[in-house]
Amino acid sequence: MPANFRKIRPSFGDASALASTPSRSASESTGSDPRRNLAIAEGSAAASSKRRRVPESVTHNACLNCKKARTKCDGKKPCKRCATRVETSECIYEIHIKHVKEELVKQIKELRAKDHSTEQILHALSTDKKVPEILDRLKNGVAYETIVEWLGRSTVEDYETMSPRESQHSTFEPEDHEMSGLPATSWTPIISDSAILDHLFQLYFAWVHPVHTLFSEGHFVDSYKRQSKNYCSSALVNAICAMACHLHTAAESDEVDFEQLAGEFNDAVRTTINSSDRSITTIQTFAVLFLVDCARGNALRASSYLQVATDSLSTVAYQEVASFVDVWKNTVRGVRNLNIEWAQITFQVPPTVHSAIYDGIEENDDKLDDAKWYFYRYVNDKCPAWPGLLATTNREKAKLTAIIQDVSTMMYSQRTSQISARHVMQQYGRLVAWRDELPVSIGNVEDNNSQALLPHVLSLLILYTHAVIQLLRPLLDYQGFHSQLIEETIWNHAQQGLFLLDKHYRTQYTCRYQPVPQMFAILHLCDTIARFFPGGVEGSSKDGPEAIQFGIEALLESSMGFPVAGPLQEMLLKTATECSIRLPPNPTGLMIPQNTPRQTYRIDDFINACTRPSYCQPVHEIHLRYLPSMSADFVTDGASFGFLHPAAGVRSLGVPLTEERGAQSVMRIRNLLNIS
């Protein structure tokens, strides 16, 4: 039988017993011989004398003489032993290489930090309004680090872990950004398996980061690897992992419950995040939490997270450091885009983020465009890769969202003037011009046969069609308006959006990973076709039933990881019923399994999904803001924007006439009676 480790080691119990065994008395052990007693006393005195020779302070780095004699050394110069003995050689200390390195590193850090502080002060003297105060502090001998901190610039402590000054752009590549070399617990206490963390990061950087770029990936990864808190934090890592868990596709081989893991990461973020922290990573964390709660169908709480992120932008101390500037641009632009997209689908006025839009061409954009995007889905996925075009996509998205912000403000603000026909047509003209001026690399859908269209590029093009539909759709049922003027435009854009979704996005990537705003785009595009073009037209385009069928199936795919897809799908089915559209042959089979016994979602589920009881645009409120001359002005000025009356005798595309709407209402009633 193999020996047990505990049996090989001496027993602490035995040692204690030996130590506690009573010893014999001195008289018993030594007897009565006085010479023996004297010898023992002399031995004790000698031992005591030897103990007194040990230096009071002992150094680990003894001098060479003490090392040769194998005696203890007090570390003085000269040491006590060398001073009291006649030594042929001088008392010399040999510095250990480890201590040499530590001292050199310390000196280098101090010199770099001092240089950094000097640079910050000189920059402030050349640009800052506080020149007199700065000079006074220098004259009074105030430490450079204290002055830098007073100026609100990056401190010495920040500089010690500052990311490289050159801009870092990349799209996540495992071989370049391998994170498994660090213990997972250094950033998150939730899981120690670095392979799972790598998997979650790759999911996030494949499907979330290119659509919602909230930080610089290169600087984040660099800080992650170097344990720096400049552009990485425990809360941010946990938030990213919580979002990525929703992108994981469950498999029988899974050893971890990723749904449960998402909740644990979520709880960890809320435990560690500090809302009063003014760091840029805290803003990024709140923005990612917004995405997480949108995916989970907690829109009301998500809105609060987004508001905190937006309000906190004005409290961050801006730093004139290349790495910070790069991160700042991504964060400001990302938070602004989130606000505008969220306002678009919840029919609100987006808040104004007081900063540059950052839609210009940057020095390193070509490198960022060339960085690979990986079609990553599961562990050990042999994923193809293409140039990510991330810089171009983000730049053009900033331009588009600036237009959408103006459109949403015009349509939903109660403080602006009433909406005129020219207002609508001018915004439409801006949207069309944006589409026409797109770079060929992301705008040429028809002839782009060399590679698959990237998912984030497709999402951008779908966002454009969604914006056009929301701008013009209220006019279709505006009383007295000549809907023939805009029918073809709305039809073409709705069909183009569904084409991009079905024939490109869903065919190439499935709708499993699509972002939440794109789910709302599906609802609005399908709703428009179902309500106003139920019969469709000849060709490969979708009619009302086909659009509803596609929408339900696309949301079903999204439901594998995004709980919000459930109530959205339910609302689309209600739209089908309202429009008297025959449901799919097996609608219950396409419905998302629910954790509770109830058969349908309730009103609170709908509000939690989109902050309102319905995803539908509040057209009645918009109609109240139209000028009375809307219809007449559209007829007069529409031709200059491409809105033309159809030729005489040509019937409109498909918007039901008043009589047809009445018949649809009768059919709706009959359907309800048959159901009951």
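The sulfur of cysteine 616 lies 8.6 Å from the closest cysteine sulfur, that of cysteine 579, so the two are too far apart for a bond. A disulfide is counted when two cysteine sulfur atoms are within 2.5 Å. The model is predicted: local features need pLDDT of at least 70, side-chain atom pairs count only at pLDDT 80 or more, and totals for chains, interfaces and linings use all residues. Residues are numbered from 1 along each chain as its sequence is written, and side-chain values use heavy atoms, without hydrogens and water.

By this rule, zero disulfides are found. Cysteine 232 has its closest cysteine sulfur in cysteine 241, at 9.8 Å, too far for a bond. Cysteine 232 is buried, at 0% relative accessibility. Cysteine 616 is partly exposed, at 23%. Buried means under 20% relative accessible area, exposed over 50%, and partly exposed in between (1.4 Å probe, protein chains only).

The largest nonpolar core holds 160 residues, of which Tyr204, Phe220 and Phe634 touch the most other members. Such a core joins buried Ala, Val, Leu, Ile, Met, Phe, Trp, Tyr and Cys residues through side-chain atoms within 4.5 Å. A second, separate core has seven residues, including Cys66, Cys73, Cys82 and Cys91.

Aromatic pairs number 31 in the whole structure. Rings of Phe, Tyr and Trp (its six-membered ring) pair if their centres lie within 6.5 Å; planes under 30 degrees apart count as stacked, over 60 as edge-to-face and the rest as tilted. Tryptophan 373 and tryptophan 386 are stacked, because their ring centres are 5.9 Å apart and their planes stand at 10 degrees. Both tryptophan 373 and tryptophan 386 are buried.
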